[in-house]
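Please read this short briefing with the sequence and the model side by side. The points are grouped by topic.

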Amino acid sequence: MTQRFGGQWTLIKLEMLQSYLSFYTTALKNQNFSLCYIDAFAGSGNVDLKTEHNVTGSALRALDHPFDRYIFIEQDESYLSELSSKVLKRAPGKCIDFISGDCNDSLRKVLSYKWYANHWRGVIFLDPYAMDLKWETLASIAKTQAFDVWYLFPLSALIRCLPREGRIPASWKEKIDGLLGTDEWQNELYHAPAQLSLFDDDRVERVEVEGVEAYVIKRLRTIFPGVSANPAVLRQSKNAPMFLLCFAISNSNPRAIQLSLNGADHILKHKT
Ligand SMILES: C[S@@+](CC[C@H](N)C(=O)[O-])C[C@H]1O[C@@H](n2cnc3c(N)ncnc32)[C@H](O)[C@@H]1O
């Protein structure tokens, strides 16, 4: 069974990720680190797109790059078992952990290991369908200082929860708080309309989509020492924005930040 999801953005994100994995493993080849790749929404190994059948997914692509260890987390047990049989066929003998469960719980456990102190460095790919990734999970990645992160931020799912004129149900607010790690978004993303009449005191207006994108990057900068200023807006065929592909670095060493940012920015500027 092949998973069905995605659109033209799926190939773009996979190619960007793969270019970065190639850049990263080459750049760190002669350094004294062990390298780990973590895919926290690993899927079944393949994706079936409407336009293109049977595209190789992120986890299988990562195996083509010389990491010392791979960790694949997937909530759906049937996808995980499918992935594990494909992986074992494609790359027997590699060091791979398959973890079945929610990425937030699983990542927090995985990241409690002292990766940085034990000379590990790596890349984490976060590829949710929707608003599944909790802010605390991102914060726990940022604390490791050891991982670079590609996060396919669910822009259209967030925009759907942010009606132009406000009036957001409490349950949506809670979901947005969990995604962005604060409730300050209510003041940052909504303002009083430019033209107010006497009767409009409590009316608000949401910022444009570009304002929401900029706010996501601003939030990431509160926890990661390095964040690319050039996230890729991935669009569906009618040009509506679907996802914001963001790149962040947890290592606070300025040379490490510069190296990773140079590689990621080059990819982000040339692949969209
Ligand atoms: C967009 S797909 C990922 C595709 C994968 N990156 C690839 O390229 O093949 C998202 C995957 O995340 C899984 N998933 C959804 N919510 C999850 C969660 N909370 N924790 C772990 N996996 C989850 C879904 O079952 C699905 O397989």
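**Aspartate 102 and its surroundings**

Aspartate 102 counts as partly exposed because it has 16 C-beta neighbours inside 10 Å (20 or more other C-beta atoms within 10 Å of a residue's own make it buried, 12 or fewer exposed, and a count in between partly exposed; C-beta atoms are placed from the backbone). This is a predicted model, in which local features need pLDDT of at least 70 and side-chain atom pairs count only at pLDDT 80 or more, while totals for chains, interfaces and linings use all residues. Residues are numbered from 1 along each chain as its sequence is written.

**Position of aspartate 102**
- Aspartate 102 sits in the loop between strand S6 (96–100) and helix H4 (103–111) (helices, H or I of at least four residues, and strands, E of at least two, are DSSP runs numbered from the N terminus).
- Its C-alpha atom is 7.7 Å from that of isoleucine 73, although the two are 29 residues apart along the chain.

**Strands S5 and S6**
- Strand S5 (residues 69–74) and S6 run parallel and are joined by 5 bridges (two strands pair if DSSP finds at least two bridges between them).
- Phenylalanine 72 stands opposite phenylalanine 98 in S6.

**Helix H1**
- Helix H1 (residues 8–27) has 20 residues and should span 28 Å at 1.5 Å a residue, which agrees with the 29 Å between its end C-alpha atoms (the expected span is 1.5 Å times one less than the number of residues).
- The buried residues of H1 are Trp9, Thr10, Lys13, Met16, Leu17, Tyr20, Leu21 and Tyr24.
- Seen down the axis of H1, these buried residues fall within an arc of 140°, so they line one face of the helix (the arc is that of the directions from the helix axis to the C-beta atoms).
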